[in-house]
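My notebook is open, and I want to look up a few spots one by one. Here is what I am working from.

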Amino acid sequence: MKRTIVLALTLCVLLLTACGSGETAASKASSTNTPTVADVLNAENAKPEEKTGLTADQLPEASADDDVDLDLTQMNANMVYAEVNNIMVSPEDYVGKTVRMGGPCYSVYVDETKQTYYAVIIQDATACCSQGLEYVLADDSLYPKDDTEVVVTGTFETYEELGALYCHLVDATIARG
Amino acid sequence: MIDRLIYYLGFPFVRYALIVGVLIALCSSLLGVSLVLKRFSFIGDGLSHVAFGAMAVASVMKMTNEMPLTLLITMVCAVLLLRTGQKAKLSGDAAVAMLSVGALAIGYLLMNIFTPGGNLSGDVCTTLFGSTSILTLTKGEVYLCIVLSALVLAAFVLLYNKLFAVTFDENFASATGVSAGTYNMILAMMTAVIIVLAMNLVGSLLISALVIFPALSAMRVFRSFRSVTICSAVLSVICALLGLLISIVTSTPVGSTIVAVDLAAFGLFALWDKLKTGGFIR
């Protein structure tokens, strides 16, 4: 339970961390309202139906697709962390590129937008720093359960919400990791 | 493994890391010889903790570029430490220890109270151990590092003779008309600059290793100031490059890997010295 709270809290922080040029994602986070543990718990309790999803067995098998501009699954932890940081710092360089990423997925419901957001969490080699990248699946029925290892491939896009710039992969496909 | 390395070298941030890593290693090793000989080995550690505290203050103040303030505070503390050491009201090592733990505690306290980012433990870990921050440098930070390193290198080369004199015998240097205080001050400022830069490479807890290990290793084999300095510089650059490449390919933490390579090199040089003094090598 404690682990779930910590992971949910991390995800909230990551999702509220906007991306933008000239400033790192971490420093941008300072200007947003970081949710408390109570906020996260309330959100979790308020939307229990959002926490359902497919298990790893129910997800399709990963297929070999060479039409990917940036394949994060082919890099080691340090490189993935650095590349994701690069994406957060200079998102404009990646818009329109097809990105593939892998890792545990998590979801969080945000009251302000009344939406559930899904992201893949990427940890660095020292396991002290993690970053997440949001994704929007082309097929709504395929969202997995939290903590499922997945591989997500989608087109990188930025969008503005609540006055901040965010990044996500759209029109994404998902497979078991 | 070679294919993977070549693939990774195609990423700009990897090339930035290699350039900055080599420059920092080179500058820190050059200063390291003087610092070790003057018995200021621990000043690097103290100043790096000051830099951590200064970075925390800059974060709390929500500054987009933390380096100028960090650099300024670290340089001021370097000068203060040096002056305190000379006047000896508070002994040198006590002043370093006090400033070191004080800055570390205040830095962490400020970060905790004002929580500059959502991931406090991540921020602290990155600052203390470098983590992968050398791989997340922006082009601007790389240019700044190149300029500052060039300044430190130029100062070292131009003032080599004076620094040599001040390093070995301050009293003699003063008697021959060299202003020991001024050159000590310059040495302290150069150390502060390198420490602030090196925080990106190995983090503030491991900076001392970058300063002292190459110098200590070189001193095991060579005896003259010039040969020790040259050997220290070459060894430091090789260790930093090797550590960085190992870390990039095997995904280990950058700072710790570089320090581990430095430690292994020290072991090899110590063994070489033992064999030499034991008469096994001529």
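Leaving aside neighbours within four places in sequence, which residues is B:Ala198 in contact with? I found B:Ile24, B:Ser28, B:Ile207 and B:Leu210. Contact here means that the C-beta atoms, placed from the backbone, lie within 7 Å.

Ground rules, before I go on. This is a predicted model, where local features need pLDDT of at least 70, side-chain atom pairs count only at pLDDT 80 or more, and totals for chains, interfaces and linings use all residues. Residues are numbered from 1 along each chain as its sequence is written, while chains are lettered from A and ligands numbered from 1 in the order in which they are written.

Next, the core. B:Ala198 and B:Ile194 touch the most other members of the largest nonpolar core, which has 128 residues. Such a core is a set of buried Ala, Val, Leu, Ile, Met, Phe, Trp, Tyr and Cys residues joined through C-beta atoms within 7 Å. Its largest share, 15 residues, comes from helix α2 (residues 12-37) of chain B. Helices are DSSP runs (H or I, at least four residues), as are strands (E, at least two), numbered from the N terminus.

Then I checked α4(A): 11 of its 13 residues are buried. Buried means 20 or more other C-beta atoms within 10 Å, exposed 12 or fewer, and partly exposed in between, with C-beta atoms placed from the backbone. Among the buried ones I noted A:Tyr81 and A:Glu83.

A:Asp147 has a positive one near 75°, though it is not a glycine. I located A:Asp147 in the loop between β4 (130-137) and β5 (149-161) of chain A. Why is A:Asp147 partly exposed? Because it has 13 C-beta neighbours inside 10 Å.

Definitions and conventions
Two residues are in contact if their C-beta atoms, placed from the backbone, lie within 7 Å.
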